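Look at the sequence and the model together.

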Amino acid sequence: LGYGNDSVGSNLYLGTISSRAGVLSHIAAGGGWSTAITLVNLTSAAVPVTVAFHNDDGSALSLPITTTNQGATQAATTSSVTATMNPNATLLINTGQLASTVVGWADVTSTGSLGGYGIFRQTPQTGSPSEGTVPLQSQFPSTITLPYDNTVGFVMGVALANLAATSANVTATIWEDRKSVV
């Protein structure tokens, strides 16, 4: 919402104000890691979207990225991506390589309803690849239940992003199959 003034009189300019569509609580780039973000416009109208990348401390994180929107691909080094997504369309954002690993999170704002996820992966020259997925979290409950499987060499990791300007306390309770605290 903005106000303007011209020689004829006062004008009221109405604009769209984006709000948080969701958060991707973990992204990784460099040192063999890359992140692929997929966003989907769940509405029947074109909507603007901005994806802002942040370091773990909340500061801007500038990354080499490749964006694919409506068949057009662009590459840039930036701390945010802004695009307009057509109805029911997909926006793809891939991080490029850096000399060393950087991690953080992404804040997604839009005027429309979005769905999506991020997949971060590392494929070393020797050994097994590692991969994880984070959903575009659009609801922020005070408790979360996460099933996990640490058998046969799998390892569970959890990423949380604090969206407040102050620090937060987190309590984790881990249960075995037998419902006992580990």
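Which residue in S10 is the bridge partner of Val23? The bridge partner is Asp107. This is a predicted model, so read every value that follows as computed from predicted coordinates.

Strand S3 covers residues 19–29, and strand S10 covers residues 102–110. The two pair in the antiparallel sense. Eight bridges link them.

S10 also pairs with strand S5, residues 47–55. Here seven bridges make the join, and the strands run antiparallel. Thr50 stands opposite Thr109 in S10. His54 stands opposite Trp105 in S10.

S5 has a further partner in strand S8, residues 80–85. Six bridges join S5 to S8, again with the strands running antiparallel. To find the place, take Ala52 and look across to Ser80, its bridge partner in S8.

Now step back to the chain. It holds twelve strands and zero helices. Read along the sequence, the pattern is β-β-β-β-β-β-β-β-β-β-β-β. The chain has 182 residues, of which 29% count as buried. Sequence separation in the contacts is worth noting. Take the contacts between residues at least 6 apart in sequence: 70% of them join residues at least 24 apart. The chain exposes about 11,600 Å². Carbon and sulfur atoms supply 53% of that area.

Next comes an open sheet. It has six strands, in the order S7-S6-S9-S4-S11-S12, and the pairing is antiparallel. At its edges lie strand S7 (72–78) and S12, each of which pairs on one side only. On average, neighbouring strands of this sheet are turned by 15° against each other, direction ignored.

Within that order, S9 and S4 are neighbours. Strand S4 spans residues 33–41 and strand S9 spans residues 90–95. Ile37 has Ile93 as its bridge partner in S9.

Stay in strand S4 and move to Thr38. Is Thr38 buried or exposed? Thr38 counts as buried because its relative accessibility is 14%, and the cut-off for buried is under 20%. What is Thr38 in contact with, leaving aside its neighbours within four places in sequence? The contacts are Thr90, Leu91, Leu92, Gly115, Gly116 and Tyr117. As a general point, side chains in a regular strand alternate between the two faces of the sheet.

Finish at the surface. Ile144 lies in the segment after strand S12 (130–135). Its relative accessible area is 52%, so Ile144 counts as exposed, the cut-off being over 50%. Ile144 belongs to a nonpolar patch on the surface.

Thr38 in strand S4 is buried at 14%. Ile144, after strand S12, is exposed at 52%.

Terms used:
Residues numbered from 1 in each chain as written. Predicted model: local features only at pLDDT ≥ 70, side-chain atom pairs only at ≥ 80, totals over all residues. Heavy atoms only, no water. Pairing = 2+ DSSP bridges. Helix = DSSP H or I, 4+ residues; strand = E, 2+ residues; numbered from the N terminus. Patch = residues over 30% accessible without salt bridge, like charges linked within 9 Å, V, L, I, M, F, W, Y side chains within 5 Å. Areas by Shrake-Rupley, 256 points an atom, 1.4 Å probe, with all protein chains shown as cover. Salt bridge = Lys/Arg side-chain N within 4 Å of Asp/Glu carboxyl O. Buried < 20%, exposed > 50% of the residue type's maximum accessible area, 1.4 Å probe, protein only. Contact = heavy atoms within 4.5 Å. Axes fitted to C-alpha atoms, helices over the stretch in contact; angles between N-to-C directions.
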